[in-house]
Amino acid sequence: MSNVTKVSVKIGEHELVFETGKIAKQANGAVYAHYCGSAVIATACCGQPPKEAPDFVPVSVEYNEKYYAAGKIPGGFLKREGKPKDKEILVSRLIDRPMRPLFDKAFGREIQIVPTVVSSDMCHTPDIIAINAASCAVTISDIPFYGPVAAVRVAKIGDEYVINPTFQQMPNAVLDIVVAGTHDGITMVEGGAKEVSEDDMLGAIAAAQPVITSICEAQVKMRELCGKEKLPLMEIKEEDLSWLEEVKAYAYPLEKEASFVKGKMERYAALAEVHKNVAEKFEALIAEDEKRPAQLAKMFDEMEYNILRASILDDGVRTDGRKVTEIRPITCEVSVLPSTHGSALFTRGETQSLAVTTLGTVNDEQLFDTIDGEKTYSNFMLHYNFPPYSVGETGRLTTGRREIGHGHLAQRALEGVVPKKENFPYTIRVVSEIMESNGSSSMASVCGGCLSLMDAGVPISRPVAGIAMGLITEGADYSKYVVLSDILGEEDHLGDMDFKVAGTTEGITAFQMDIKIAGVTPEIMSKALQQAKEGRMHILGIMAGALDKPRAEVSELAPKILSLKVPEDKIGAVIGTGGKTIRGIAEQSGAEINIEDDGTVMIYGRNNSAAQEAKRLVLAIIEEPEVGKIYHGTVKRIVDFGAFIEILPGKEGLCHISKLARTRVKNVSDILSVGQEVDVKLTEIDRMGRLNLSYIDAQPEEAKTEKSEKAEKSEKKAKENK
């Protein structure tokens with residue numbers, strides 16, 4: 001088609017191709033992007049202009065994956081895609097975060113970006129294509145946008161940084177991060193690692209920058225070839241704010257004093273009181289124009305912004321009185337809940353996480369059915385809850401995008417130290433309930449979650465701690481800047497960077513950085529990483545005071561899991577016809593048994609005795625009878641010449657009447673009865689494979705004498721009766 005525009009850029013060995021003009025032509029902007037066999041259609045649309053510009057950017061990103069993209073049909077009862085999966089929400093956040101700051105609030109209109117995965121080769125990750133396609137769709141649209149942005153995935157495999165690794169390469173990576181940015185610099189980083197160094201992280205980010213620049217240039221070329229003229233921003237009329245000069249002069253010292261009141265809620269109350277007093281003092285002046293209350297509120301916001309930033313930059317003093325590298329007071333407690341498998345209460349300043357670990361069986365694993373490949377199961381999960389009471393508010397108890405994103409980050413921080421399933425065959429669930437929040441609740445979840453895992457007896461390789469860093473800059477070249485350790489909520493909101501780092505004493509395990517300004521230098525990033533490392537070590541030291549290593553045994557309240565291996569030719573015997581044998585073991589022991597195709601048997605008992613009984617029964621099935629060994633058997637049948645006794649499941653032997661006592665026994669029933677449990681000795685396995693047993697040879701000497709006397713009395717009595 002003549003009106004189709006294409007631009008491509010080489011990434012690694014393949015071309016990332018942007019196309020427009022053929023699909024979704026009624027959208028404000030639409031791009032079909034493909035990389036090898038994976039493809040995404042990204043559209044950008046905007047609504048009608050509002051009456052007045054909102055004080056935020058009304059943008060939403062709805063990344064979605066179609067099962068047909070990978071030649072699959074959705075599982076379950078409903079055969080169509082439904083509500084967004086966690087993965088789709090996480091990718092939507094990856095797209096939203098670097099793009100949102102580049103929209104102008106003065107545009108005012110609602111913006112919706114919809115990247116749809118329509119083809120997946122299950123080799124190249126579609127999320128990276130979606131980020132680039134979404135930016136390109138907005139860039140060529142008529143929506144004002146100070147972009148473009150671009151993104152790549154960087155993995156470190158061996159000593160090499162690999163750009164956009166395949167699904168097959170990623171299991172071998174020690175570092176896996178998504179890096180996004182503009183032509184001028186990095187604006188977002190997120191990912192996980194296997195205890196890598198700060199230098200490795202900086203190296204990965206540096207490797208991403210030139211590729212990001214080339215992708216941005218390709219989008220600019222697309223805009224030059226086919227971009228639409230941008231829609232106008234809303235006209236912002238010049239307002240006469242001279243009336244605020246008198247108000248500002250009076251309010252500034254009061255606002256400054258209230259801004260440094262200790263305690264979040266106390267500080268908020270002090271600021272509210274100042275705002276109330278100022279409004280009352282200038283009530284008549286404010287009433288002269290209906291716009292003045294909003295102008296006054298905006299003045300207070302700007303005043304707080306300038307006061308806090310100036311205090312940090314000029315005096316090195318933060319809103320709660322701390323120095324820039326100082327970490328809030330930390331307390332750690334473990335075993336705080338009486339009936340859970342593992343629990344911990346981690347408090348850092350006014351942020352508090354109640355973390356609880358629960359151990360389950362293989363049936364509790366999380367199923368993932370995505371377009372990335374075959375269905376997979378995960379035996380480790382972390383869920384993060386942020387109830388409204390944690391910030392002293394009312395509201396609905398929901399799981400939103402924020403909860404899913406924070407939980408995912410905390411899970412990545414911990415999953416690298418969690419033991420592999422083959423070494424610790426439990427399903428592990430950690431839940432972080434945020435009890436209080438004043439910044440860095442996701443990192444509190446990492447610390448609390450780690451302590452709860454150790455309290456439950458999960459043998460993690462090393463403790464993990466997390467810390468959130470901030471940045472305050474001044475000047476166009478950022479010649480003056482301060483990196484903040486352990487930021488508060490206000491410092492996150494008013495600062496230039498939110499930078500979360502989690503790791504062990506050996507290295508980084510999770511990393512998330514959102515930068516609100518362009519062109520942060522490697523020097524600033526390096527300083528932030530080093531300061532984060534120092535803070536992490538400090539926190540790990542405090543955590544060790546509560547619990548320095550996992551408990552030696554899992555909680556007594558947790559299910560008991562045992563594993564053993566049976567020969568593959570014995571699998572059928574353990575299962576039995578139609579599963580009869582394995583069901584019988586489960587009923588008899590009270591435990592749950594699963595057997596894999598390779599002969600691995602997993603036993604899940606509600607307590608240790610149930611698990612051990614099930615193990616004994618399984619071993620009995622696969623055990624080969626051994627001549628000379630004494631078995632505890634059950635009498636199954638009595639005949640004139642002896643008794644048939646089951647010594648192992650499905651294996652019976654004959655105990656001849658002559659082997660019941662040292663003296664002659666007339667009736668077998670004088671010694672044994674059906675259903676009786678007795679010890680017998682296996683004396684012979686004949687050429688036909690038949691088992692010959694001896695009852696008397698399995699008895700202690702005194703018992704043998706007793707049995708013989710019993711047999712003699714029985715015989716004598718029989719003669720007398722005759």
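A: First the exposure terms, since they come up throughout: buried means under 20% relative accessible area, exposed means over 50%, and partly exposed is what falls in between. Please also keep in mind that this is a predicted model.

Q: OK, then where does Ala-24 sit, and is it buried or exposed or partly exposed?
A: Ala-24 lies in the loop between β2 (14-20) and β3 (29-35), and with a relative accessible area of 33% it counts as partly exposed, because that value falls between the 20% and 50% limits.

Q: And what is its phi?
A: The phi of Ala-24 is near 55°, which is a positive value in a residue other than glycine. As background, most residues other than glycine have a negative phi.

Q: Which strand holds Glu-195, and what about its phi?
A: Glu-195 belongs to strand β11, which covers residues 186-196, and although Glu-195 is not a glycine, its phi is positive, at about 55°. Its relative accessibility is 21%, so Glu-195 is classed as partly exposed.

Q: Staying with the backbone, is the peptide bond from Gly-147 to Pro-148 cis or trans?
A: The bond from Gly-147 to Pro-148 is cis, with omega near 5°, and Pro-148 itself is placed in the loop between α2 (126-140) and β8 (150-157). In general, most peptide bonds are trans.

Q: Switching topic, how many disulfides are there?
A: The count comes to 0 disulfides. Cys-46, for instance, is in none, since the nearest cysteine sulfur, which belongs to Cys-45, is 7.5 Å away, whereas a disulfide needs the two sulfur atoms within 2.5 Å.

Q: What about Cys-216, how far is the nearest cysteine sulfur?
A: For Cys-216 the nearest cysteine sulfur is that of Cys-136, 10 Å away, and Cys-216 is likewise in no disulfide.

Q: Are those two, Cys-46 and Cys-216, buried or exposed?
A: Cys-46 is buried, with a relative accessible area of 17%, and Cys-216 is buried too, with a relative accessible area of 1%.

Q: Where is Glu-290, and how accessible is it?
A: Glu-290 is found in the loop between α6 (283-286) and α7 (292-315), and its relative accessible area of 75% is over the 50% limit, so Glu-290 counts as exposed.

How values were computed:
Residues numbered from 1 in each chain as written. Predicted model: local features only at pLDDT ≥ 70, side-chain atom pairs only at ≥ 80, totals over all residues. Heavy atoms only, no water. Helix = DSSP H or I, 4+ residues; strand = E, 2+ residues; numbered from the N terminus. Buried < 20%, exposed > 50% of the residue type's maximum accessible area, 1.4 Å probe, protein only.
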